[in-house]
Amino acid sequence: MLKQINETADYIKSKVDNLPKIAIILGTGLGALVDSIEDAQYIPYTEIPNFPVSTVEGHSGNLIFGMLGGKRVMAMQGRFHYYEGYDMKEVTFPVRVMKALGIETLFVSNAAGGMNKEFQVGDIMIITDHINLFPENPLRGKNYNELGTRFPAMTEAYSHRLINLAKDIAKENDIRIMEGVYVGTSGPTFETPAEYEFFRIIGGDAVGMSTVPEVIVANHASMEVFGVSVITDLGGKDITEVPTHEEVQKAAMKAQPKMVEIMKNLVSRI
Ligand code: HPA
């Protein structure tokens, strides 16, 4: 694994002159952020040694290097989901490569179903913590001390500093912002009403099929993490609307300008 990480990082270093310290995983709801990246250099995943190739509809696969809010950034356009069949090491491989490139701060976004009864479709939720309900942990197996410690703490998996900064930015821009706990599940099924209810009772505010593996690995690698969810549907025992991929995409598109505003400002201020 170490050899693969270094090989991939070396390839990227050979292509990119100035490496950033900030990386952004452009999940659902944040795709349009690419339009704000200036002097963008695209590297398709298909050209990157050892990189998996993104398959799911609505996600194209590129690493993008450029400037955002006056800062040098790299962005992942398209991520690797566990439900697509990638194993946890593949899902989180790009985060390992980011670390090898010198990334210190990771921003992630996703679409999620809301269980919190205060939430509305189109809300943005700052992720304050997560519950890992994926069937495995990306750190299972041999630990490489070069990458991080065997038993990493997850006490502040999402940086309090960045959470507070994002709340300030939302307030200044008049954006309704929620906070909550993200439950990560394998998917690809959306939840049964009983499952949404269960996730709410155990302390979850929103549920989705990504983010947790990457955030675990980023913490293992001592990165500072900020995550945000766009609430694209609501679930629970009293909710009869049926979530669909199309509806999720539509709701995420609508919330996108708010997500982009928060991320752009956050990048410029850290
Ligand atoms: N459940 C799981 N993942 C999701 C959902 C949901 O309701 N909405 C968007 N991603």
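## Isoleucine 202

Isoleucine 202 sits in the loop that runs between helix 4 and strand 8. The model is a predicted one. With a relative accessible area of 36%, isoleucine 202 falls in the partly exposed class, because that class covers values between the 20% limit for buried and the 50% limit for exposed.

Phenylalanine 190 returns below as one of the residues around the ligand.

The model has eight salt bridges by the rule used here. One of them joins glutamate 197 to arginine 200, with 2.8 Å between the closest N and O atoms. Both residues belong to helix 4 (residues 193-201) and are three residues apart, about one turn of the helix. Salt bridges with shared partners link Glu197, Arg200 and Lys237 into one network.

## Other salt bridges

Arginine 176 and aspartate 123 form a salt bridge through their side chains, at 2.8 Å from N to O. Arginine 176 is in the loop between helix 3 (160-172) and strand 7 (177-184), and aspartate 123 is in the loop between strand 5 (105-114) and strand 6 (124-132), so the pair ties together parts that are 53 residues apart in sequence. Aspartate 123 is buried, at 3% relative accessibility, while arginine 176 is partly exposed, at 38%.

A further salt bridge pairs glutamate 136 with arginine 140, and here the closest N and O atoms are 4.0 Å apart. Glutamate 136 has a relative accessible area of 24% and is partly exposed. Arginine 140, at 63%, is exposed.

## The largest pocket

The largest pocket holds about 370 Å³ of space. Its lining consists of 23 residues, and those nearest the centre are Tyr83, Phe190, Met209, His245 and Val248. Strand 5, strand 8 (206-208), strand 9 (224-234) and helix 6 (245-269) are the elements that contribute two or more residues to this lining. Strand 5 gives the largest share, four residues.

Sorted by class, the lining of the largest pocket contains 10 nonpolar, 10 polar and three charged residues.

## Ligand surroundings

Which residues surround the ligand? They are Ala111, Ala112, Gly113, Phe190, Glu191, Tyr196, Val207, Gly208, Met209, Thr232, Asp233 and Val248. Phe190, Met209 and Val248 are also listed among the residues nearest the centre of the largest pocket.

For tyrosine 196, a polar side-chain atom is 2.6 Å from a ligand oxygen atom. For threonine 232, a polar side-chain atom is 3.5 Å from a ligand nitrogen atom. Glycine 113 takes part through its backbone: one of its N or O atoms lies 3.3 Å from a nitrogen atom of the ligand.

Terms used. Residues are numbered from 1 along each chain as its sequence is written. This is a predicted model: local features need pLDDT of at least 70, side-chain atom pairs count only at pLDDT 80 or more; totals for chains, interfaces and linings use all residues. Side-chain values use heavy atoms; hydrogens and water are left out. Buried means under 20% relative accessible area, exposed over 50%, partly exposed in between (1.4 Å probe, protein chains only). On a 1 Å grid over the protein atoms alone, a cavity is a set of points where a 1.4 Å probe fits but cannot get out, and a pocket is an open set with protein on both sides within 12 Å along at least five of seven lines; lining residues have an atom within 4 Å of a point. Grid points are joined across faces, edges and corners, and a volume is the space filled by probe spheres set on the points. Ala, Val, Leu, Ile, Met, Phe, Trp, Tyr, Cys and Pro count as nonpolar, Asp, Glu, Lys and Arg as charged, and the others, Gly among them, as polar. A residue is near a molecule or strand if one of its heavy atoms lies within 4 Å of it. A polar contact is a pair of N or O atoms within 3.5 Å; within protein, one must be able to donate a hydrogen and the other to accept it, and residues adjacent in sequence count only if both atoms are side-chain atoms.
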